[in-house]
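Dear colleague,

Please find below the structure that I am handing over to you, together with its sequence. My notes on what was found in it follow directly after.

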Amino acid sequence: GETQKMNLFQSITSALDNALAKDPTAVVFGEDVAFGGVFRCTVGLRDKYGKDRVFNTPLCEQGIVGFGIGIAVTGATAIAEIQFADYIFPAFDQIVNEAAKYRYRSGDLFNCGNLTIRAPWGCVGHGALYHSQSPEAFFAHCPGIKVVIPRSPLQAKGLLLSCIEDKNPCIFFEPKILYRAAVEQVPVEPYNIPLSQAEVLQTGSDVTMVAWGTQVHVIKEVATMAQEKLGVSCEVIDLRTILPWDTETVCKSVAKTGRLLISHEAPLTGGFASEISSTVQEECFLNLEAPISRVCGYDTPFPHIFEPFYIPDKWKCYDALRKMINY
Amino acid sequence: SPEERPQFPGASAEFAERLEFIQPNVLAGIPVYRVMDRQGQVLRPSEDPQLPKEQVLKLYKTMTLLNTMDRILYESQRQGRISFYMTNYGEEGTHVGSAAALDASDLVFGQYREAGVLLYRGYPLELFMAQCYGNASDPGKGRQMPVHYGCPERHFVTISSPLATQIPQAVGAAYAIKRADANRAVVCYFGEGAASEGDAHAGFNFAATLECPIVFFCRNNGYAISTPTSEQYRGDGIAARGPGYGLLSIRVDGNDVFAVYNATREARRRAVAENQPFLIEAMTYRIPPPPPQKKKNRFPWFSARFSLIGHHSTSDDSSAYRSVDEVNYWDKQDHPISRLRHYMARRGWWDEEEEKGWRKSSRKMVLEAFERAEREPKPPPRLLFSDVYLEMPPRLRRQRAELERHLETYGEHYPLQQFQK
């Protein structure tokens, strides 16, 4: 159908617009969403759909998520915004103890499947400790919720719409550094991209590389470098859904290549790469030619002035890949 | 002139030229609204809601049936038949007075000590017990500890253990209900201890700013486990916080079913008509169960540190923190059940004969339901795995298969005989 040039925040607006148009129970709320949001994701929606459907809440993340759960419990669609993923922690109890467990603990008498929580995520060049975090690992440990991270505007709209329509509470992290920087032709009409399905962006035979969000673009570049400088053929996978994650696609790839590199901005220890690594060594032990490599942020809070040294950039990924090939 | 008034967006007020701190007036606090005295005598006839006899009998029978069910299930916990229980002694008035004032379809979010609301709405004894036993009839599929009831047909959201989490949820539900239906309210129950949680603050503030048709109902029973109210707050209870958020607020005698009824009824009516939240603080007292005859506990990890008498719950011994005299006063001098009975007796609606007959028949009903619950098997172990998501993810399906295989070899070490296949 008809497409339009959209950046990431515009693709989010488009998804929300589609959702509000299609589902009369849907409401969008959070801090500062009424005027359009600090990242402009909700621009125009209040004028179009009314102040009872697109509205500000007080400054209180535990309230925002609790409130969203309550809306969803009645069967209406709740789309909550947390202003930065770094500030999601006051809502951790509501997410982990309540949203994730609503259906299970009630024996399926009640659920909050109509809840979606969106939050800007990841490094942005100058965000430091509290405007750069990637907290997906905290939520990966929580059965009952879904965690989704898009790499681009086209992916974001389809994945967000799937989250909104999915009958389980979902957390959707949006790579803020891509809000303006990433631009694509995106369909104006709604479409869905399935959850819990990783995407192989590029097939290869020597090494599998897995990432999500912004880091997918880094490993894509590393794949090109590896081909040019080392003659190494890389298979590049965007995981897309962190929970429940697509073990089949990743394991199938590593069974073929024998080598796996996983990369994320979040700190190494307990980061989601650990879960992937552990699963792959269980499923593909005899296929492995080298230890699984994780290229991640250091085990520190996210620094300000030292960001260029902190992030798992293409040179670190390339170096890790080279070591794996030479193992 | 307009320039002389403060122009700040944050508050509309006058200027003051004298330095004066507002005194939080704890000694002369918000008064306690009541309809009856402690002997069940109506003080002002105009305040008597004049409920029809059948409804008053229903209030009484619900409270006493709850009391009877509590005694039997509390005892069953002490005997190790169920793992845990929470009684409602002393607070029955807060449950039925408020439940009677609501519409049947008003959505209820509770904390864990509101079983009388569900009982008033007709939830059968069998299902209370099935949940406590976690047996195959439990609509909750045996997932939670006892007393974590839920019933969509009766608009009672399933209880969860974390305190106060239901408060902002109730507000969200009220917001959605406001958009969907012009004549439905949400009622949210919580204790005075839970009101200290951040979620309570969040809920009150959201309800007011987003104009939600919700009645917040705080059961102030004097204790949060062992913590008395003097250690829980320093202001004038919970009712005094309401105005700080912009909530219309009232404090009532929670042991006076008609006071509870009147306040809830009016709050509910106005919440829906005006789309604004109300706060009711019902003062009451948490009475510990009578001392048990025997102690045999199959679940020592709950009560290992505590001795005989369960109080906050079966894992608590409140003789460690309150005096016999205090407890006796509430049991004997100011109890919601006896106050209503006096009211009924005065009108010739109840007598000793009726009382004896009802005690016998209610106990029989409870014991029959209890015996049936005792005999029922538990649900099949595979129900451990469902409802995590709407659909079962592949990994979980594999884990379920793993357990099945494990039980094939090691099944003798598991209590399989208690469970359905």
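Leaving aside its neighbours within four places in sequence, which residues is A:Arg240 in contact with? Before the answer, please note that this is a predicted model, and that the values below are computed from it.

A:Arg240 is in contact with A:Val147, A:Val148, A:Ile149, A:Arg151, A:Gln155, A:Leu159, A:Ile193, A:Pro194, A:Gln197, A:Ala198, A:Glu199 and A:Trp212, once neighbours within four places in sequence are set aside. The residue belongs to the loop of chain A that runs between β11 (234–238) and β12 (241–243). A:Arg240 counts as buried because its relative accessibility is 6%, under the 20% limit for that class.

Turning to the cysteines, the structure holds 0 disulfides over all chains. In chain A, the cysteine sulfur closest to that of A:Cys284 is in A:Cys251, at 4.1 Å, which is too far for a bond, since a disulfide requires the two sulfur atoms to be within 2.5 Å. A:Cys284 is also buried, with 2% relative accessibility. In chain B, B:Cys132 is in no disulfide either, and the nearest cysteine sulfur, that of B:Cys151, is 15 Å away. B:Cys132 has a relative accessible area of 5% and is therefore buried.

The next point concerns helix packing in chain B. Helix α1 (residues 53–78) and helix α12 (residues 336–346) of chain B have axes that come within 10 Å and cross at roughly 150°. The two helices α1(B) and α12(B) are therefore roughly antiparallel, as angles over 145 degrees fall in that class. The crossing of α1(B) past α12(B) is left-handed. On the side of α1(B), the contact is made by B:Val56, B:Leu57, B:Leu59, B:Tyr60, B:Met63, B:Thr64 and B:Asn67; α12(B) contributes B:Pro336, B:Ile337, B:Leu340, B:Arg341, B:Tyr343 and B:Met344. The residues of this contact comprise 10 nonpolar, 2 polar and 1 charged.

Helix α1(B) also packs against α13(B), at an angle of about 45° and with the axes 10 Å apart. This arrangement makes α1(B) oblique to α13(B). The crossing of α1(B) and α13(B) is right-handed. Among the residues that make the contact are B:Leu65, B:Met69, B:Ile72 and B:Leu73 of α1(B) and B:Trp358, B:Met365, B:Val366 and B:Phe370 of α13(B). By class, the contact of α1(B) with α13(B) has 10 nonpolar, 4 polar and 3 charged residues.

Two further residues of chain B may be of interest to you. B:Ser361 is found in helix α13 (residues 352–375). With a relative accessible area of 32%, B:Ser361 is partly exposed. From B:Ser361 to B:Gly110 there are 251 residues in sequence and 29 Å in space, C-alpha to C-alpha.

B:His148, in turn, lies in the loop of chain B between α4 (125–133) and α5 (166–180). Its relative accessible area of 7% means that B:His148 is buried. Not counting residues up to four places away in sequence, B:His148 touches B:Gln131, B:Thr158, B:Ile159, B:Ser160 and B:Ser161. B:His148 and B:Ala115 are 33 residues apart in sequence and 9.3 Å apart in space, C-alpha to C-alpha.

With kind regards

Note on methods
Residues numbered from 1 in each chain as written. Chains lettered and ligands numbered in written order. Predicted model: local features only at pLDDT ≥ 70, side-chain atom pairs only at ≥ 80, totals over all residues. Heavy atoms only, no water. Helix = DSSP H or I, 4+ residues; strand = E, 2+ residues; numbered from the N terminus. Buried < 20%, exposed > 50% of the residue type's maximum accessible area, 1.4 Å probe, protein only. Contact = heavy atoms within 4.5 Å. Axes fitted to C-alpha atoms, helices over the stretch in contact; angles between N-to-C directions. Parallel < 35°, antiparallel > 145°, perpendicular 65-115°, else oblique. Left-handed = near helix turned anticlockwise from the far one by under 90°. Nonpolar A, V, L, I, M, F, W, Y, C, P; charged D, E, K, R; others polar.
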